[in-house]
Amino acid sequence: MTSLLEARGITKHFGGIKALNDITFRVKPGQIKAIIGPNGAGKTTLFNCISGVLKADKGEIRLNGESIVKLPPHRRAAAGISRTFQNVAIFPEMTVLENVLVGRHCRSKCEMLKAGFRTMSMRREEKDIEDKGWSFLEFVGLEEQADKLASELPLGDQRMLEIARALATEPKIVLLDEPAGGLNTKETERLAELIHQIRNSGVTVLLVEHDMNLVMDISDEILVINFGKKLAEGDPKSVKENPDVINAYLGEDIDFSDL
Amino acid sequence: MGCEKKKILTLVSFLVIFPVLVNYIPAISNYLEVMIFAGIFCLVTIGLSLLMGYAGQISLGHAAFLGIGAYSSGIITAKFGLSPWIGIAAGIAISSCIAVVVGIPSLKLKGHYLAMATLGFGEIVFIVFNEEVNLTGGPSGFADIPYLHVGSFEFSSELTYYILVWAVVLMGLFFALNLIHSRVGRAWRAIHGNEMAAEAMGVPTSRYKLKIFVLSSIYASVAGSLYTHYICFLNPSSFDLFWSIKFVMMVIVGGMSSVWGAIIGTILLTYLGNEWLSAFKHFDVLVYGIILLLITMFLPGGIVSLPRILRSKRTNSR
(Lines give C-alpha, C1' and ligand atoms only; values in the text may rest on other atoms or scores of the structure.)
Protein backbone atom coordinates (compact mmCIF):
# COMPACT_ATOMS: atom_id res chain seq x y z
CA MET A 1 0.00 0.00 0.00
CA THR A 2 1.26 3.50 -0.75
CA SER A 3 2.06 5.75 2.15
CA LEU A 4 0.93 9.32 2.66
CA LEU A 5 3.85 10.37 4.81
CA GLU A 6 7.18 8.66 4.65
CA ALA A 7 10.17 9.47 6.85
CA ARG A 8 13.47 7.76 6.18
CA GLY A 9 16.61 7.90 8.30
CA ILE A 10 15.71 11.06 10.21
CA THR A 11 18.66 12.09 12.38
CA LYS A 12 18.94 15.19 14.54
CA HIS A 13 21.74 16.28 16.87
CA PHE A 14 21.62 18.94 19.56
CA GLY A 15 25.28 19.56 20.27
CA GLY A 16 26.64 16.18 21.34
CA ILE A 17 23.22 14.69 22.01
CA LYS A 18 21.59 12.54 19.37
CA ALA A 19 17.94 13.49 19.78
CA LEU A 20 16.86 11.40 16.79
CA ASN A 21 18.86 8.54 15.38
CA ASP A 22 17.93 7.09 12.01
CA ILE A 23 14.15 7.04 12.45
CA THR A 24 12.20 5.48 9.60
CA PHE A 25 8.44 5.08 9.45
CA ARG A 26 5.40 5.47 7.20
CA VAL A 27 1.88 6.70 7.70
CA LYS A 28 -0.79 5.27 5.44
CA PRO A 29 -3.61 7.50 4.22
CA GLY A 30 -6.66 7.43 6.48
CA GLN A 31 -4.72 6.06 9.44
CA ILE A 32 -4.60 7.18 13.02
CA LYS A 33 -1.02 6.63 14.04
CA ALA A 34 0.49 7.34 17.44
CA ILE A 35 4.09 7.97 18.43
CA ILE A 36 4.84 7.02 22.02
CA GLY A 37 7.93 6.77 24.16
CA PRO A 38 9.25 7.80 27.58
CA ASN A 39 9.93 11.46 28.36
CA GLY A 40 12.79 12.85 26.34
CA ALA A 41 12.59 10.08 23.75
CA GLY A 42 12.49 12.60 20.90
CA LYS A 43 8.81 12.54 19.97
CA THR A 44 8.32 16.30 19.78
CA THR A 45 11.69 16.69 18.01
CA LEU A 46 10.43 14.24 15.40
CA PHE A 47 7.24 16.31 15.02
CA ASN A 48 9.29 19.47 14.65
CA CYS A 49 11.40 17.86 11.93
CA ILE A 50 8.30 16.76 10.02
CA SER A 51 6.53 20.11 10.26
CA GLY A 52 9.73 22.00 9.49
CA VAL A 53 10.15 23.92 12.75
CA LEU A 54 13.51 22.14 13.01
CA LYS A 55 15.72 21.05 10.14
CA ALA A 56 16.75 17.39 10.31
CA ASP A 57 20.51 16.85 9.97
CA LYS A 58 19.96 13.81 7.81
CA GLY A 59 17.07 11.93 6.30
CA GLU A 60 14.28 12.22 3.81
CA ILE A 61 10.63 13.15 4.34
CA ARG A 62 8.09 12.58 1.61
CA LEU A 63 4.46 13.60 1.42
CA ASN A 64 2.54 11.70 -1.24
CA GLY A 65 5.88 10.66 -2.71
CA GLU A 66 7.23 14.21 -3.01
CA SER A 67 10.19 15.32 -0.97
CA ILE A 68 9.36 18.16 1.43
CA VAL A 69 12.57 18.13 3.43
CA LYS A 70 13.85 21.37 1.88
CA LEU A 71 10.60 23.34 2.31
CA PRO A 72 10.20 25.96 5.08
CA PRO A 73 7.31 25.35 7.52
CA HIS A 74 4.82 27.62 5.76
CA ARG A 75 5.32 25.78 2.47
CA ARG A 76 4.84 22.46 4.26
CA ALA A 77 1.53 23.78 5.59
CA ALA A 78 0.51 24.61 2.04
CA ALA A 79 1.64 21.14 0.93
CA GLY A 80 -0.78 19.61 3.45
CA ILE A 81 0.94 19.16 6.81
CA SER A 82 -0.64 20.93 9.75
CA ARG A 83 -0.01 20.62 13.45
CA THR A 84 -0.81 21.58 17.01
CA PHE A 85 1.73 22.28 19.73
CA GLN A 86 2.50 20.59 23.03
CA ASN A 87 2.27 23.90 24.91
CA VAL A 88 -0.81 25.34 23.22
CA ALA A 89 0.40 27.97 20.76
CA ILE A 90 -2.77 29.93 20.10
CA PHE A 91 -2.71 33.64 19.25
CA PRO A 92 -3.79 34.99 22.67
CA GLU A 93 -4.77 38.54 21.64
CA MET A 94 -6.97 37.43 18.74
CA THR A 95 -10.55 36.19 19.00
CA VAL A 96 -11.37 32.52 18.77
CA LEU A 97 -12.77 32.97 15.26
CA GLU A 98 -9.77 35.02 14.10
CA ASN A 99 -7.46 32.25 15.31
CA VAL A 100 -9.20 29.81 13.01
CA LEU A 101 -9.21 32.34 10.14
CA VAL A 102 -5.41 32.49 10.30
CA GLY A 103 -5.49 28.78 9.47
CA ARG A 104 -7.06 29.72 6.12
CA HIS A 105 -4.00 31.80 5.22
CA CYS A 106 -2.35 29.16 3.05
CA ARG A 107 -5.64 28.52 1.22
CA SER A 108 -6.24 32.17 0.23
CA LYS A 109 -4.14 34.61 -1.73
CA CYS A 110 -5.18 38.29 -1.69
CA GLU A 111 -2.04 40.28 -1.02
CA MET A 112 -1.43 43.75 0.44
CA LEU A 113 -2.65 45.95 -2.43
CA LYS A 114 -5.88 44.04 -2.99
CA ALA A 115 -6.54 43.90 0.75
CA GLY A 116 -5.71 47.58 1.27
CA PHE A 117 -8.10 48.72 -1.45
CA ARG A 118 -10.74 46.11 -0.53
CA THR A 119 -11.30 44.97 -4.09
CA MET A 120 -14.26 42.83 -5.10
CA SER A 121 -12.19 39.67 -5.35
CA MET A 122 -10.76 40.36 -1.88
CA ARG A 123 -14.23 40.76 -0.36
CA ARG A 124 -15.38 37.54 -1.98
CA GLU A 125 -12.35 35.73 -0.64
CA GLU A 126 -12.83 37.17 2.87
CA LYS A 127 -16.41 35.92 2.87
CA ASP A 128 -15.22 32.45 1.91
CA ILE A 129 -12.50 32.52 4.59
CA GLU A 130 -15.07 33.45 7.21
CA ASP A 131 -17.61 30.82 6.13
CA LYS A 132 -14.99 28.08 6.21
CA GLY A 133 -13.68 29.38 9.54
CA TRP A 134 -17.13 29.07 11.11
CA SER A 135 -17.54 25.55 9.79
CA PHE A 136 -14.31 24.45 11.48
CA LEU A 137 -15.32 26.18 14.71
CA GLU A 138 -18.58 24.25 14.62
CA PHE A 139 -16.68 21.04 13.92
CA VAL A 140 -14.93 21.29 17.30
CA GLY A 141 -17.97 22.85 19.01
CA LEU A 142 -16.57 26.31 19.79
CA GLU A 143 -18.98 28.42 17.72
CA GLU A 144 -20.50 30.02 20.82
CA GLN A 145 -17.10 31.28 21.99
CA ALA A 146 -16.25 32.79 18.59
CA ASP A 147 -15.95 36.41 19.75
CA LYS A 148 -14.04 35.76 22.96
CA LEU A 149 -10.31 36.36 23.13
CA ALA A 150 -8.50 33.05 22.71
CA SER A 151 -6.59 33.68 25.95
CA GLU A 152 -9.90 33.72 27.88
CA LEU A 153 -10.71 30.10 27.02
CA PRO A 154 -9.98 27.27 29.48
CA LEU A 155 -7.13 24.96 28.49
CA GLY A 156 -9.41 22.23 27.14
CA ASP A 157 -11.11 24.64 24.75
CA GLN A 158 -7.74 26.12 23.75
CA ARG A 159 -6.63 22.64 22.66
CA MET A 160 -9.84 22.28 20.64
CA LEU A 161 -9.25 25.70 19.12
CA GLU A 162 -5.75 24.67 18.08
CA ILE A 163 -7.18 21.57 16.39
CA ALA A 164 -9.79 23.69 14.57
CA ARG A 165 -7.08 26.10 13.42
CA ALA A 166 -4.93 23.21 12.18
CA LEU A 167 -7.87 21.67 10.31
CA ALA A 168 -8.70 25.04 8.73
CA THR A 169 -5.56 24.69 6.61
CA GLU A 170 -7.29 21.67 5.02
CA PRO A 171 -4.33 19.39 5.63
CA LYS A 172 -3.76 15.91 4.25
CA ILE A 173 -2.22 14.94 7.56
CA VAL A 174 -2.54 16.64 10.94
CA LEU A 175 0.09 16.24 13.66
CA LEU A 176 -1.35 16.46 17.18
CA ASP A 177 1.30 16.99 19.86
CA GLU A 178 -0.10 15.67 23.16
CA PRO A 179 -3.67 16.76 22.48
CA ALA A 180 -4.88 15.22 25.76
CA GLY A 181 -2.27 16.99 27.91
CA GLY A 182 -4.07 18.75 30.78
CA LEU A 183 -7.51 17.50 29.79
CA ASN A 184 -9.87 15.79 32.26
CA THR A 185 -11.46 12.40 31.62
CA LYS A 186 -14.58 13.78 30.03
CA GLU A 187 -12.66 16.11 27.74
CA THR A 188 -10.36 13.25 26.75
CA GLU A 189 -13.37 11.15 25.75
CA ARG A 190 -14.56 14.00 23.57
CA LEU A 191 -11.11 14.29 22.07
CA ALA A 192 -11.08 10.60 21.14
CA GLU A 193 -14.41 11.06 19.41
CA LEU A 194 -13.14 14.16 17.62
CA ILE A 195 -10.03 12.37 16.39
CA HIS A 196 -12.23 9.69 14.88
CA GLN A 197 -14.33 12.37 13.22
CA ILE A 198 -11.20 14.00 11.79
CA ARG A 199 -10.12 10.68 10.31
CA ASN A 200 -13.62 10.06 8.92
CA SER A 201 -13.52 13.46 7.22
CA GLY A 202 -10.55 12.20 5.24
CA VAL A 203 -7.64 13.68 7.20
CA THR A 204 -4.89 11.34 8.34
CA VAL A 205 -3.88 11.75 11.99
CA LEU A 206 -0.43 11.39 13.52
CA LEU A 207 -0.27 12.04 17.24
CA VAL A 208 2.17 12.09 20.13
CA GLU A 209 0.45 11.19 23.35
CA HIS A 210 1.19 10.10 26.92
CA ASP A 211 -2.32 8.93 27.79
CA MET A 212 -1.89 5.20 27.10
CA ASN A 213 -5.60 4.40 27.35
CA LEU A 214 -6.34 6.96 24.64
CA VAL A 215 -3.49 5.76 22.43
CA MET A 216 -4.41 2.07 22.69
CA ASP A 217 -8.05 2.93 22.15
CA ILE A 218 -7.87 5.03 18.99
CA SER A 219 -4.67 4.14 17.12
CA ASP A 220 -4.48 1.88 14.12
CA GLU A 221 -0.72 1.74 14.45
CA ILE A 222 1.85 2.78 17.02
CA LEU A 223 5.48 3.79 16.66
CA VAL A 224 7.57 3.51 19.82
CA ILE A 225 10.80 5.47 20.15
CA ASN A 226 13.30 5.60 23.00
CA PHE A 227 16.51 7.66 23.27
CA GLY A 228 15.90 8.86 19.72
CA LYS A 229 15.78 5.37 18.26
CA LYS A 230 12.92 3.36 16.86
CA LEU A 231 12.04 0.64 19.34
CA ALA A 232 8.97 -0.99 17.85
CA GLU A 233 6.20 -0.42 15.38
CA GLY A 234 2.89 -2.16 14.85
CA ASP A 235 -0.72 -2.42 15.95
CA PRO A 236 -1.58 -1.62 19.59
CA LYS A 237 -1.77 -5.23 20.68
CA SER A 238 1.67 -6.27 19.37
CA VAL A 239 3.26 -3.13 20.76
CA LYS A 240 1.74 -3.76 24.18
CA GLU A 241 3.24 -7.24 24.29
CA ASN A 242 6.65 -6.29 22.90
CA PRO A 243 9.29 -7.00 25.61
CA ASP A 244 11.50 -4.08 24.50
CA VAL A 245 8.63 -1.69 24.95
CA ILE A 246 7.80 -3.06 28.39
CA ASN A 247 11.45 -2.67 29.37
CA ALA A 248 11.61 0.89 28.16
CA TYR A 249 8.58 1.84 30.20
CA LEU A 250 9.39 -0.16 33.34
CA GLY A 251 13.14 0.39 33.41
CA GLU A 252 16.10 -1.83 32.65
CA ASP A 253 15.63 -5.55 32.81
CA ILE A 254 17.86 -6.67 35.66
CA ASP A 255 19.31 -10.10 35.54
CA PHE A 256 19.00 -11.30 39.14
CA SER A 257 21.19 -14.35 38.61
CA ASP A 258 24.29 -12.09 38.71
CA LEU A 259 23.70 -11.09 42.29
CA MET B 1 -16.01 47.35 9.93
CA GLY B 2 -19.23 48.95 11.19
CA CYS B 3 -17.71 50.52 14.29
CA GLU B 4 -14.71 51.73 12.27
CA LYS B 5 -17.07 53.71 10.05
CA LYS B 6 -18.43 55.50 13.10
CA LYS B 7 -14.92 56.34 14.27
CA ILE B 8 -13.92 57.66 10.84
CA LEU B 9 -17.04 59.81 10.80
CA THR B 10 -16.18 61.19 14.25
CA LEU B 11 -12.67 62.04 13.12
CA VAL B 12 -13.87 63.74 9.95
CA SER B 13 -16.46 65.86 11.75
CA PHE B 14 -13.81 66.80 14.33
CA LEU B 15 -11.52 67.86 11.48
CA VAL B 16 -14.25 69.95 9.88
CA ILE B 17 -15.66 71.62 12.99
CA PHE B 18 -12.44 72.54 14.78
CA PRO B 19 -11.03 75.07 12.30
CA VAL B 20 -14.22 77.07 12.96
CA LEU B 21 -14.00 76.79 16.75
CA VAL B 22 -10.39 77.96 16.80
CA ASN B 23 -11.32 81.63 16.96
CA TYR B 24 -13.16 81.13 20.26
CA ILE B 25 -10.75 78.89 22.23
CA PRO B 26 -7.38 80.50 23.00
CA ALA B 27 -5.68 77.21 24.08
CA ILE B 28 -5.86 75.91 20.51
CA SER B 29 -5.41 79.19 18.68
CA ASN B 30 -2.69 77.75 16.47
CA TYR B 31 -4.97 74.91 15.52
CA LEU B 32 -4.30 74.81 11.77
CA GLU B 33 -0.53 74.96 12.02
CA VAL B 34 -0.33 72.38 14.80
CA MET B 35 -2.80 70.07 13.10
CA ILE B 36 -0.81 70.16 9.86
CA PHE B 37 2.20 68.89 11.78
CA ALA B 38 0.02 66.42 13.67
CA GLY B 39 -1.37 65.11 10.37
CA ILE B 40 2.10 64.66 8.92
CA PHE B 41 3.23 62.82 12.06
CA CYS B 42 0.02 60.77 12.03
CA LEU B 43 1.09 59.28 8.71
CA VAL B 44 4.34 58.14 10.30
CA THR B 45 2.65 56.73 13.37
CA ILE B 46 -0.14 54.92 11.47
CA GLY B 47 2.60 52.99 9.67
CA LEU B 48 4.52 52.53 12.90
CA SER B 49 1.40 51.32 14.66
CA LEU B 50 0.92 48.63 12.02
CA LEU B 51 4.55 47.63 12.47
CA MET B 52 4.61 47.71 16.28
CA GLY B 53 1.09 47.13 17.50
CA TYR B 54 -0.03 44.66 14.89
CA ALA B 55 3.04 42.84 13.61
CA GLY B 56 4.91 43.14 16.92
CA GLN B 57 8.16 44.48 15.47
CA ILE B 58 9.85 47.68 16.62
CA SER B 59 11.71 50.43 14.84
CA LEU B 60 13.74 53.16 16.51
CA GLY B 61 14.78 54.52 13.14
CA HIS B 62 11.62 55.77 11.53
CA ALA B 63 12.66 59.41 11.57
CA ALA B 64 15.23 58.30 8.99
CA PHE B 65 12.47 57.34 6.55
CA LEU B 66 10.73 60.65 7.26
CA GLY B 67 14.04 62.31 6.42
CA ILE B 68 14.60 60.29 3.26
CA GLY B 69 11.17 61.34 1.97
CA ALA B 70 11.81 64.95 2.98
CA TYR B 71 15.27 65.19 1.38
CA SER B 72 14.14 63.36 -1.79
CA SER B 73 11.36 65.89 -2.24
CA GLY B 74 13.54 68.85 -1.29
CA ILE B 75 16.50 67.96 -3.48
CA ILE B 76 14.44 67.03 -6.52
CA THR B 77 12.35 70.20 -6.42
CA ALA B 78 14.83 72.82 -5.16
CA LYS B 79 18.04 71.54 -6.76
CA PHE B 80 16.80 69.87 -9.94
CA GLY B 81 13.69 71.97 -10.42
CA LEU B 82 11.46 68.95 -11.11
CA SER B 83 7.79 68.56 -10.15
CA PRO B 84 7.14 67.91 -6.44
CA TRP B 85 5.06 64.87 -7.41
CA ILE B 86 8.19 63.28 -8.90
CA GLY B 87 9.89 64.08 -5.60
CA ILE B 88 7.21 62.25 -3.63
CA ALA B 89 7.40 59.24 -5.96
CA ALA B 90 11.20 59.21 -5.73
CA GLY B 91 10.99 59.39 -1.93
CA ILE B 92 8.67 56.38 -1.88
CA ALA B 93 10.94 54.43 -4.23
CA ILE B 94 14.14 55.23 -2.32
CA SER B 95 12.58 54.59 1.10
CA SER B 96 11.15 51.23 0.13
CA CYS B 97 14.41 50.10 -1.46
CA ILE B 98 16.34 51.08 1.66
CA ALA B 99 13.69 49.43 3.85
CA VAL B 100 14.15 46.17 1.94
CA VAL B 101 17.93 46.30 2.25
CA VAL B 102 17.81 47.19 5.96
CA GLY B 103 14.83 44.98 6.75
CA ILE B 104 16.07 41.67 5.35
CA PRO B 105 18.94 41.27 7.82
CA SER B 106 17.57 43.23 10.78
CA LEU B 107 14.07 41.70 10.92
CA LYS B 108 15.71 38.38 11.74
CA LEU B 109 16.41 39.98 15.11
CA LYS B 110 13.85 40.22 17.87
CA GLY B 111 12.97 42.66 20.65
CA HIS B 112 15.84 44.76 21.98
CA TYR B 113 18.20 43.58 19.25
CA LEU B 114 15.85 44.77 16.51
CA ALA B 115 15.48 48.09 18.37
CA MET B 116 19.25 48.51 18.45
CA ALA B 117 19.67 47.62 14.77
CA THR B 118 17.03 50.11 13.62
CA LEU B 119 18.46 52.73 15.97
CA GLY B 120 21.85 52.24 14.32
CA PHE B 121 20.26 52.57 10.89
CA GLY B 122 18.62 55.86 11.92
CA GLU B 123 21.94 57.23 13.15
CA ILE B 124 23.67 56.30 9.87
CA VAL B 125 21.05 58.15 7.82
CA PHE B 126 21.29 61.15 10.18
CA ILE B 127 25.06 61.27 9.67
CA VAL B 128 24.64 61.07 5.89
CA PHE B 129 22.24 64.07 6.01
CA ASN B 130 24.86 66.01 7.96
CA GLU B 131 27.92 65.09 5.93
CA GLU B 132 26.71 64.99 2.31
CA VAL B 133 27.06 68.76 2.18
CA ASN B 134 26.86 69.05 -1.63
CA LEU B 135 23.51 67.32 -1.75
CA THR B 136 21.87 68.09 1.59
CA GLY B 137 23.52 71.34 2.59
CA GLY B 138 24.95 69.68 5.69
CA PRO B 139 23.93 70.78 9.19
CA SER B 140 22.62 74.14 7.99
CA GLY B 141 20.40 72.55 5.36
CA PHE B 142 18.87 74.38 2.43
CA ALA B 143 15.81 76.50 1.69
CA ASP B 144 13.80 77.68 -1.32
CA ILE B 145 11.74 74.51 -1.60
CA PRO B 146 8.59 75.27 -3.61
CA TYR B 147 5.04 74.66 -2.44
CA LEU B 148 3.07 71.69 -3.68
CA HIS B 149 0.92 72.54 -6.65
CA VAL B 150 -1.62 70.99 -9.01
CA GLY B 151 -1.53 72.87 -12.29
CA SER B 152 -1.54 76.52 -11.34
CA PHE B 153 -3.13 75.91 -7.91
CA GLU B 154 -0.63 76.20 -5.08
CA PHE B 155 -1.10 74.66 -1.62
CA SER B 156 0.43 77.72 0.01
CA SER B 157 -2.21 78.78 2.55
CA GLU B 158 -2.54 76.98 5.86
CA LEU B 159 -6.14 76.00 5.26
CA THR B 160 -5.50 74.36 1.88
CA TYR B 161 -2.50 72.50 3.27
CA TYR B 162 -4.52 71.40 6.29
CA ILE B 163 -7.13 69.92 3.96
CA LEU B 164 -4.50 68.27 1.76
CA VAL B 165 -2.57 66.71 4.66
CA TRP B 166 -5.64 65.33 6.38
CA ALA B 167 -7.05 64.00 3.11
CA VAL B 168 -3.81 62.04 2.71
CA VAL B 169 -4.01 60.90 6.36
CA LEU B 170 -7.58 59.70 5.85
CA MET B 171 -6.53 57.76 2.76
CA GLY B 172 -3.64 56.24 4.66
CA LEU B 173 -5.94 55.41 7.56
CA PHE B 174 -8.48 53.83 5.23
CA PHE B 175 -5.80 51.69 3.61
CA ALA B 176 -4.48 50.63 7.02
CA LEU B 177 -7.92 49.75 8.37
CA ASN B 178 -8.69 47.67 5.29
CA LEU B 179 -5.44 45.80 5.77
CA ILE B 180 -6.17 45.20 9.45
CA HIS B 181 -9.51 43.62 8.62
CA SER B 182 -8.04 41.22 6.07
CA ARG B 183 -5.99 38.05 5.96
CA VAL B 184 -2.88 40.21 5.74
CA GLY B 185 -3.66 42.00 9.01
CA ARG B 186 -4.56 38.73 10.70
CA ALA B 187 -1.25 37.26 9.53
CA TRP B 188 0.61 40.21 11.13
CA ARG B 189 -1.23 39.79 14.41
CA ALA B 190 -0.56 36.05 14.29
CA ILE B 191 3.17 36.78 13.93
CA HIS B 192 2.87 39.09 16.94
CA GLY B 193 1.06 36.40 18.94
CA ASN B 194 3.25 33.41 18.12
CA GLU B 195 5.65 33.45 15.23
CA MET B 196 6.23 29.71 15.19
CA ALA B 197 2.52 28.91 15.11
CA ALA B 198 1.91 31.53 12.41
CA GLU B 199 4.57 29.91 10.26
CA ALA B 200 3.02 26.47 10.87
CA MET B 201 -0.34 27.83 9.68
CA GLY B 202 1.21 28.80 6.37
CA VAL B 203 2.15 32.44 7.00
CA PRO B 204 5.51 33.23 5.37
CA THR B 205 6.61 35.15 8.45
CA SER B 206 9.84 36.75 7.22
CA ARG B 207 8.19 37.99 4.04
CA TYR B 208 5.26 39.45 5.99
CA LYS B 209 7.55 41.20 8.46
CA LEU B 210 9.48 42.72 5.57
CA LYS B 211 6.25 43.83 3.89
CA ILE B 212 5.02 45.77 6.89
CA PHE B 213 8.47 47.30 7.41
CA VAL B 214 8.47 48.53 3.81
CA LEU B 215 4.87 49.74 4.02
CA SER B 216 5.57 51.72 7.20
CA SER B 217 8.66 53.25 5.54
CA ILE B 218 6.44 54.40 2.65
CA TYR B 219 4.01 56.03 5.08
CA ALA B 220 6.93 57.84 6.72
CA SER B 221 8.41 58.88 3.39
CA VAL B 222 5.14 60.44 2.17
CA ALA B 223 4.93 62.25 5.51
CA GLY B 224 8.46 63.55 4.94
CA SER B 225 7.56 64.90 1.52
CA LEU B 226 4.51 66.69 2.92
CA TYR B 227 6.67 68.11 5.71
CA THR B 228 9.21 69.51 3.25
CA HIS B 229 6.63 71.25 1.09
CA TYR B 230 5.02 72.81 4.14
CA ILE B 231 8.02 74.38 5.87
CA CYS B 232 9.95 74.83 2.59
CA PHE B 233 13.24 74.48 4.43
CA LEU B 234 15.25 71.45 5.49
CA ASN B 235 17.96 70.61 7.98
CA PRO B 236 18.85 67.31 9.63
CA SER B 237 17.71 68.20 13.15
CA SER B 238 14.11 67.06 12.51
CA PHE B 239 15.25 63.54 11.65
CA ASP B 240 17.41 62.52 14.59
CA LEU B 241 17.03 59.78 17.17
CA PHE B 242 14.88 61.94 19.42
CA TRP B 243 12.23 62.12 16.70
CA SER B 244 12.33 58.36 16.15
CA ILE B 245 11.72 57.92 19.86
CA LYS B 246 8.96 60.52 19.83
CA PHE B 247 7.11 58.61 17.11
CA VAL B 248 7.34 55.39 19.09
CA MET B 249 6.13 57.33 22.12
CA MET B 250 3.13 58.73 20.26
CA VAL B 251 2.11 55.17 19.36
CA ILE B 252 2.58 53.92 22.93
CA VAL B 253 0.81 56.86 24.63
CA GLY B 254 -2.19 56.52 22.32
CA GLY B 255 -2.25 52.74 22.59
CA MET B 256 -0.47 50.18 20.46
CA SER B 257 -3.44 47.88 20.07
CA SER B 258 -5.11 50.06 17.42
CA VAL B 259 -4.26 52.62 14.75
CA TRP B 260 -6.74 54.96 16.44
CA GLY B 261 -4.38 55.01 19.40
CA ALA B 262 -1.61 56.22 17.11
CA ILE B 263 -3.80 59.08 15.87
CA ILE B 264 -4.88 60.17 19.36
CA GLY B 265 -1.35 59.91 20.73
CA THR B 266 0.11 61.84 17.83
CA ILE B 267 -2.35 64.74 18.03
CA LEU B 268 -1.92 64.96 21.80
CA LEU B 269 1.88 64.88 21.79
CA THR B 270 2.14 67.27 18.85
CA TYR B 271 0.03 69.78 20.76
CA LEU B 272 2.22 69.25 23.80
CA GLY B 273 5.41 69.69 21.83
CA ASN B 274 4.38 72.61 19.65
CA GLU B 275 2.21 74.59 22.05
CA TRP B 276 1.63 73.61 25.61
CA LEU B 277 5.18 72.64 26.59
CA SER B 278 6.87 75.80 25.35
CA ALA B 279 6.91 77.09 28.95
CA PHE B 280 9.33 74.27 29.85
CA LYS B 281 11.84 75.36 27.18
CA HIS B 282 14.60 72.73 26.90
CA PHE B 283 13.19 70.77 29.80
CA ASP B 284 10.38 69.45 27.59
CA VAL B 285 12.30 66.18 27.22
CA LEU B 286 11.82 65.74 30.96
CA VAL B 287 8.05 66.08 30.57
CA TYR B 288 8.03 63.52 27.76
CA GLY B 289 9.94 61.13 29.99
CA ILE B 290 7.47 61.58 32.82
CA ILE B 291 4.49 61.04 30.49
CA LEU B 292 6.00 57.87 29.07
CA LEU B 293 6.79 56.61 32.56
CA LEU B 294 3.27 57.28 33.83
CA ILE B 295 1.61 55.71 30.79
CA THR B 296 3.67 52.52 30.86
CA MET B 297 3.18 52.17 34.63
CA PHE B 298 -0.51 52.96 34.99
CA LEU B 299 -2.01 52.68 31.51
CA PRO B 300 0.07 50.17 29.55
CA GLY B 301 -2.67 49.86 26.92
CA GLY B 302 -2.48 53.58 26.18
CA ILE B 303 -5.30 56.09 25.97
CA VAL B 304 -7.49 53.88 23.76
CA SER B 305 -7.69 51.31 26.56
CA LEU B 306 -9.27 53.85 28.94
CA PRO B 307 -12.95 53.22 28.02
CA ARG B 308 -12.53 49.48 28.42
CA ILE B 309 -10.85 49.86 31.81
CA LEU B 310 -13.53 52.27 33.03
CA ARG B 311 -16.28 49.93 31.83
CA SER B 312 -14.80 46.90 33.58
CA LYS B 313 -14.34 48.98 36.78
CA ARG B 314 -17.99 49.97 36.69
CA THR B 315 -19.20 46.39 36.22
CA ASN B 316 -16.88 45.20 38.99
CA SER B 317 -18.16 47.75 41.49
CA ARG B 318 -21.74 46.71 40.90
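How many salt bridges does the rule find across the interface of chain B and chain A?

## Basis of the model

This is a predicted model, in which local features need pLDDT of at least 70 and side-chain atom pairs count only at pLDDT 80 or more, while totals for chains, interfaces and linings use all residues. Residues are numbered from 1 along each chain as its sequence is written, chains are lettered from A and ligands numbered from 1 in the order in which they are written, and side-chain values use heavy atoms, with hydrogens and water left out.

## Interface of chain B and chain A

Across this interface the rule finds four salt bridges (a side-chain nitrogen of Lys or Arg within 4 Å of a carboxyl oxygen of Asp or Glu). In a salt bridge between the two chains, the side chains of Glu126(A) and Arg186(B) meet with an N to O distance of 3.2 Å. On the side of chain B that touches chain A, the elements giving two or more residues are helices H7 (158–180), H8 (183–193), H9 (195–200) and H10 (205–231), where helices are DSSP runs of H or I with at least four residues and strands are runs of E with at least two, numbered from the N terminus. The largest share of that side, eight residues, comes from H8(B).

The contact (heavy atoms within 4.5 Å) takes 27 residues from chain B and 37 residues from chain A. About 2700 Å² is buried between the chains, with carbon and sulfur atoms giving 64%; buried area is the accessible area (1.4 Å probe) that two parts lose on being put together, summed over both. Arg183(B), Arg186(B) and Met201(B) supply 31% of the area that chain B buries against chain A, more than any other three residues.

## Domains of chain A

A domain assignment, automatic or from a database, divides chain A into domain 1 (1–76 + 173–179 + 206–250) and domain 2 (81–170). Their centres, taken over C-alpha atoms, are separated by 27 Å, and 17 residues of domain 1 are in contact with nine residues of domain 2. The two domains bury about 1100 Å² between them, 56% of it on carbon and sulfur atoms.

The count between these domains is one salt bridge. Helix H1 (43–51) and strand S7 (173–177) of chain A are the elements that give two or more residues to the side of domain 1 that touches domain 2.
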